[in-house]
Amino acid sequence: MHLIVFSLIYPFIWLISKLPMKILYIISDGLYLLNYYIIGYRKKVVLENLHLAFPEKSEKEIIKISKGFLKHLTDFIVESIKTFTISEKEISKRIKYKNIDLLKEVAKNGKSISLVGIHQANWEWLTGLPLQIKKPDFYAAYTKVQNKHFEKVIKMSRSKFGGTLYRTSDTIRNLHRNFVNKKQGIYILLSDQSPQIKNTHYWAEFMGIKVPIHTGAETLAKRYDMSFVYWTTRKIKRGYYEVEFELITENPKEYKNYELTDKFIEITERNIRNQPEVYLWSHKRFKHRNKVPILPS
């Protein structure tokens, strides 16, 4: 059955991915109108998130950001489809790296790098980063896809420019193996998801609301003594992005528990406020806000 579904759907996706970006953005415009005025996918979630994150903004401002986000979301969908067949030349034209030399300089210390970021702008096209810096090797996690045939082509498209992909569940295993073998790597980690309550170790304010926070990036950086670098992606104009790197530390073990995570939150909030319409407001980032544990007095 998985093969039948794949055989029916993937050729259609591949053909769409071959279309010029101008045509894909016309499709995106249609998807936006269909979603915003008829389907309403995650529209309520987006508005609730924006009201919680920006209580100081007027309803008019909130609506403007929500429309901007939903427009960006459909752009991101067609851009992700384009990833299947995008060329080296085109992805290098559409995503620029403002200070790639910083990443190269940090890599000279011989340590692996924890490259942390968030679901903002277009994180999928960061797969083109290995075209800009050849060594050390790049590693990125992906969520397992139930259909093994789709998983195979997704993995191929995301690694075609030189990165290595592994399932999220294999992150620690792969990192540990490389550490033991003294193999340096750059590990791309998206760290703004909401963790499960049972796996929560740290609560902190994010956009003014206390929520559970992922601390995995900090934990791995300390355990394997990795340099801690934040990447920021900004949307310059439709279909064009700029990435900037910010070194947080080359010596994570010098920081107290959760200090690196707090720094990550600080930079994340700054980036969201600078371009709120391109952050992923459709996920329920504040869903556990009413479950803050009460500490004994």
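E48 is partly exposed, with a relative accessible area of 40% (buried means under 20%, exposed over 50%, partly exposed in between; 1.4 Å probe, protein chains only). The model is predicted: local features need pLDDT of at least 70, side-chain atom pairs count only at pLDDT 80 or more, and totals for chains, interfaces and linings use all residues. Residues are numbered from 1 along each chain as its sequence is written, and side-chain values use heavy atoms, with hydrogens and water left out.

E48 forms a salt bridge with R289, with the closest N and O atoms 3.3 Å apart (a side-chain nitrogen of Lys or Arg within 4 Å of a carboxyl oxygen of Asp or Glu). This pair links distant parts of the chain, 241 residues apart: E48 lies in helix α3 (residues 43-53), R289 in the segment after α10 (259-274). Helices (H or I, at least four residues) and strands (E, at least two) are DSSP runs, numbered from the N terminus. R289 is partly exposed, at 26% relative accessibility.

The count of salt bridges comes to 18. Another joins D29 and R238 at 2.7 Å, N to O. D29 sits in helix α2 (residues 21-39), and R238 in the loop between β8 (227-237) and β9 (240-249), 209 residues apart. D29 is partly exposed at 37% relative accessibility, and R238 is partly exposed at 34%. E105 and K108 also meet in a salt bridge (3.3 Å, N to O). K108 is exposed, with a relative accessible area of 63%. Shared partners join D29, D75, K235 and R238 into one network of salt bridges.

Strand β5 (residues 185-190) has five of its six residues buried, so it is largely enclosed by the rest of the structure. Strand β2 (residues 113-117) runs parallel to β5 and is joined to it by five bridges (two strands pair if DSSP finds at least two bridges between them). S114 stands opposite Y187 of β5. Strand β3 (residues 137-142) pairs with β5 in the parallel sense over four bridges. There, F138 has I186 as its bridge partner.

The largest nonpolar core holds 76 residues; L103, L115, L129, F206, F245 and W281 touch the most other members. Such a core is a set of buried Ala, Val, Leu, Ile, Met, Phe, Trp, Tyr and Cys residues joined through side-chain atoms within 4.5 Å. Helix α4 (residues 59-82) gives the largest share of this core, seven residues. Apart from it lies another core of six residues, among them F6, Y10, I13 and F150.
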